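Today I am looking up ring pairs and helix packing.

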Amino acid sequence: MVDLSTLSRAIEEGNREKTVQLTAEALSDGTNPQDIITRGLQAGMGAVGEKFSSGEYFLPDMLMAARAMKAALEILAPMLEKTGIPTLGKVVIGTVEGDMHDIGKNVVATFLRGSGFEVRDLGSNVSARRFVDEVREQRPDILGLSALLTTTMPAMGNVIKALQAAGLRSGVKVIVGGAPVTQDYANYIGADAYAHDGGKAIPVCKGLLGK
Ligand code: B1M
């Protein structure tokens, strides 16, 4: 049985090969893919962030960890994403303008797909204008906004204001999230909901649609 703390350490070391190998082993052991993400990969990323804050790690260390995590998520996503089931609702999701962090948003998108939502992922560094255009064209039930930087959090509020200006706000529920985001901040910018992590996003999105 793979000890998920070894997977967490592989992420911390930015060791892509070892991360992929341990992820595959954990899956064949029968470990739940959601646990592999939260207790293994995400825990490792948390440690990387702490080391970056303390000056022990630099940008290339974060990049290597990110590459290792993305490679592991590629293996895990097909296990989590259900196909051929009636959709619970349509979600458009993206990371806001100025922000390149997309791993957490990808995890949220994968978890939502896995629970039966149809998800259109716009990627990262998405402008308010693009979000508005997508809401107008795609008519999603939910718009998901992710921000990982304190400096890009206000861009989430800008998207909500732009939806209001375009007369589209009442037709879509807005959920926000990302490490620096809080329920209070979600209330402050007029979002409909906040979720702390990918697991929480599932019941929150279902709740928004009364399911
Ligand atoms: Co950056 N980075 N980074 N980084 N990075 C952080 C966020 C930071 C906290 C590190 C630190 O200082 N400790 C810090 C932000 C400080 C702040 O603003 N308070 C930081 C910084 C400063 C920067 C740069 C400015 C560094 C520089 O250039 N000097 C720069 C900014 C670039 C930019 O965006 N313009 C930068 C760059 C990068 C990399 C490119 C190297 C890389 C990102 C690669 C990528 O995403 N493709 C990177 C990484 C990897 C990190 C850390 C280490 C890890 C982020 C991550 O992927 N976590 C991060 C430290 C940390 O978070 N501890 C850090 C794993 C992921 C699964 O968790 O993203 O939290 P998370 O997502 C969770 C929840 O937040 C939530 O659910 C997810 C899954 O459970 N969630 C949602 C997320 N979105 C949601 C949306 C929802 C609901 C829930 O609804 C829609």
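**Entry 1: aromatic rings.** I looked for aromatic pairs in this predicted model, and the count came to 1. The partners are tyrosine 185 and tyrosine 188, with ring centres 5.8 Å apart and planes at 45° to each other.

Where do the two tyrosines sit relative to each other in helix H8? They are 3 residues apart in H8, which spans residues 183–189, so about one helical turn separates them.

**Entry 2: buried or exposed?** I then checked accessibility for each partner. Tyrosine 185 has a relative accessibility of 16%, so I put it down as buried, the cut-off being under 20%. Tyrosine 188 comes out at 67% relative accessible area, so I listed it as exposed, the cut-off there being over 50%.

**Entry 3: a helix pair.** Next I turned to H6 (residues 128–138) and H7 (residues 153–165), whose axes come within 9 Å and cross at roughly 45°. That angle falls between the roughly parallel range (under 35 degrees) and the roughly perpendicular one (65 to 115), so I wrote H6 and H7 down as oblique to each other. Their crossing is right-handed.

Which residues make the contact? From H6 I listed Ala128, Phe131, Val132 and Val135, and from H7 Asn158, Val159, Ala162 and Leu163. Sorting the residues of this H6–H7 contact gave me 7 nonpolar, 1 polar and no charged.

Note on methods
Residues numbered from 1 in each chain as written. Predicted model: local features only at pLDDT ≥ 70, side-chain atom pairs only at ≥ 80, totals over all residues. Heavy atoms only, no water. Axes fitted to C-alpha atoms, helices over the stretch in contact; angles between N-to-C directions. Helix = DSSP H or I, 4+ residues; strand = E, 2+ residues; numbered from the N terminus. Parallel < 35°, antiparallel > 145°, perpendicular 65-115°, else oblique. Left-handed = near helix turned anticlockwise from the far one by under 90°. Contact = heavy atoms within 4.5 Å. Nonpolar A, V, L, I, M, F, W, Y, C, P; charged D, E, K, R; others polar. Phe/Tyr/Trp six-rings, centres within 6.5 Å; stacked < 30°, edge-to-face > 60°. Buried < 20%, exposed > 50% of the residue type's maximum accessible area, 1.4 Å probe, protein only.
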